[in-house]
Amino acid sequence: MRRRRASGSLVPKTSSPASETRVDNSGLIEAQVGNLVEDLKSTSFDAQRDATFELRLLAKQSMENRIVIANCGAISLLVDLLRSTDKRVQENAVTTLLNLSINVENKTEITAANAIEPLIHVLETGGAEAKENSAAALFSLSVIEDNKVRIGRSGAIGPLVDLLGNGTPRGRKDATTALFSLSIFHENRRPIVQAGAIKYLVELMDPAAGLVGKAVAVLANLSTIPEGKTAIGQEGGIPGLVEAVELGSARGKEHAAAALLQLCTSSDRYCRMVQQEGAVPPLVVLSQNGTPRAQRKAQSLLSVLRK
């Protein structure tokens, strides 16, 4: 395994007491992590629980620790523990991998350790926190473009949509974020719609859920396919999108206008519904004061509505 430098610089020949302390601390961390990695191999659930918990804390603390943990060979062992029958071990393992994935090189290494399917297993079988962190880890890995394809084709979409509809508030947030990332890749959009995501995304446009912007962003991507347009109309998504044009964040207004434009260019009925919801005044405001993309979308949508 190629080892990466945790410090990013050579130790000077003439070192100060402070630099000696840093070197000593680094050595202590490596020794500590090495012992914990050995404990990951234990057949004792108690040893695995303790080791995964300590690694979870260390991985949260610093980028240097994340590099040391990866260099010590923990990643493949943690991936194996995602299938542990001990829920605490499983939760600690997935959370440690999530923390490690903050490092870009670790994302690649976690993917190479075939973590995607075990992460989906956690999404299907884990406790509430384990499911949340699994969804967040899948999002983190999906930052790599090729992983958007791999995750979508590995069966993640159904469990993510289930978390979207039935998870804790944080679980729904993590699922929305992961689905947004996956929906950037066109091939994933139809499976997301077919899994029933739009019903839940429309529900999340309720400001009380605190996820309007994220939900609208996913809907904007899904509105580009025929099945998405149909489902948004059937699930009553138009009022929420119009409200987002008026009251959303700058980016939320942009995404809402983009989704409404997709709907209205495909259906006169949707045009009438958008007009009946009172969309024209906030669209006029957006066409003058929104982000450049929002202004273009609002202007195009107003043109369509006038016709």
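Predicted model: local features only at pLDDT ≥ 70, side-chain atom pairs only at ≥ 80, totals over all residues.
Me: Why is S183 called buried?
Reply: Its relative accessible area is 0%. Buried means under 20%. The value meets that cut-off, so S183 counts as buried.

Me: Where does S183 sit, and what is it in contact with beyond its neighbours within four places in sequence?
Reply: S183 lies in helix α11, residues 169-183. Its contacts are R189, I192, V218, N221 and L222. Contact here means heavy atoms within 4.5 Å.

Me: How far apart are S183 and G155, in sequence and in space?
Reply: They are 28 residues apart in sequence. C-alpha to C-alpha, the distance is 14 Å.

Me: What makes S134 buried?
Reply: Its relative accessibility is 0%. The cut-off is under 20%. S134 therefore falls on the buried side.

Me: Which residues does S134 touch, neighbours within four places aside?
Reply: S134, placed in helix α8, is in contact with V94, L119, I120, V122 and L123.

Me: Which residues of helix α7 are buried, and what covers them?
Reply: Helix α7 spans residues 116-125. Its buried residues are I116, P118, L119, I120, V122 and L123. The cover includes α4 (74-81), α5 (87-100), α8 (128-142), α9 (145-153) and α10 (157-166).

Me: How do you know that residues 33-306 carry the name U-box?
Reply: The name comes from a UniProt annotation in an unreviewed entry. Such annotations may be inferred rather than shown by experiment. In the model, that stretch is 79% helix and 0% strand. Its end C-alpha atoms are 66 Å apart.

How values were computed: Residues numbered from 1 in each chain as written. Heavy atoms only, no water. Helix = DSSP H or I, 4+ residues; strand = E, 2+ residues; numbered from the N terminus. Buried < 20%, exposed > 50% of the residue type's maximum accessible area, 1.4 Å probe, protein only.
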